Amino acid sequence: MWTEELVAGRPAWRHLPSGVVFREVPGGTFRMGLSEAELDAVRAIERGGEVEDTIAPFLANAQDAQPVREVRVEPFLLARHPLTVAQVQHWLPDYADDYAEAATNTARLGGDLHDLLKLLPFELPSEAQWEYAARAGTTTLTFRGDEKPDEDQLLDDFADETRTAALENAFGLAAMGSANEICADVWIPGFDDAPADARPRTGEGPRTVRGGAGDLYPWQGCDEWLLLLSATRYEHADFTAVRPVGPVPPR
């Protein structure tokens, strides 16, 4: 069911029935959440005149991604990028996507999300897994540093292998933050009493999503770049992308 191969010069696992490529994310510990250093970096971007509208709502909701805490993560597989339209059609042959221009675009699921999750032989990542993967060993706003991200960092179509590979982080993952990606965790503002490992927080209600800067493309000057930040989190409302997670296969 799995084959190990090189994709863009990096080790990868391919799920043979669907063709979805996964990267093996190494285990480790990291500081999860929106740190004061990151908030200072956002304020520095504002002082530099690079804010189009206002970051006041972002700062007011900063506590939704705090307090920062150390989290332990075991090795896992994570899809190299969100599932595309063609990949979703492996499980939902009749799936159609009004948001996508091609089958190689990120699939954004609405009412059919529940059907996909019932058929998908994988799990959703926990928030801890997602943020750990997005940071890829960094402690900055994005894995590229504390500079303001721009639209060149968005990736929605994975037909161009050269561009996909160029936008991977140190873990070989592309488009982290481009689409809003649903996590296994139920939405709970803040991280008070959150586990110190990568288990998702469960319960009733909507789930948490991460990312989403590409869902507002082309940017309209409302500081959509904030959705590219590794720590940005919010409540799932309408459509979402799916980036599945799985256990590391035995070698």
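## Strand pairing exercises

In this predicted model, strands β7, β8 and β9 form an open three-stranded sheet, in that order, with antiparallel pairing. Grab the structure and work through these.

**Exercise 1.** Find out which strands are the edge strands of this open sheet, and how much the sheet twists.

*Solution.* Start from the order β7-β8-β9. Next, look for strands that pair on one side only: these are β7, at 181–186, and β9, at 233–235, so they are the edges by the two-bridge pairing criterion. Finally, take the twist from one strand to the next, which averages 40°.

**Exercise 2.** Count the bridges between β8 and β9, and locate the partner of T208.

*Solution.* Strand β8 covers residues 207–210, and three bridges join it to β9. The two strands run antiparallel. Now pick T208 and look across to β9: its bridge partner there is E235.

**Exercise 3.** Work out which strands pair with β3, and through how many bridges.

*Solution.* First place β3 at residues 21–25. Then check strand β2 (residues 10–15): it pairs with β3 over two bridges, in the antiparallel sense. Here R14 stands opposite V21. These two strands make a hairpin with five residues between them, and G19 in the turn has a positive phi of about 80°. Then turn to strand β6 (residues 76–79), which is joined to β3 by four bridges, again antiparallel.

**Exercise 4.** Decide whether β3 is mostly covered or mostly open.

*Solution.* Apply the burial cut-off, under 20% relative accessible area. Four of the five residues in β3 are buried, and the strand is mostly covered.

Technical notes. Residues numbered from 1 in each chain as written. Predicted model: local features only at pLDDT ≥ 70, side-chain atom pairs only at ≥ 80, totals over all residues. Heavy atoms only, no water. Axes fitted to C-alpha atoms, helices over the stretch in contact; angles between N-to-C directions. Buried < 20%, exposed > 50% of the residue type's maximum accessible area, 1.4 Å probe, protein only.
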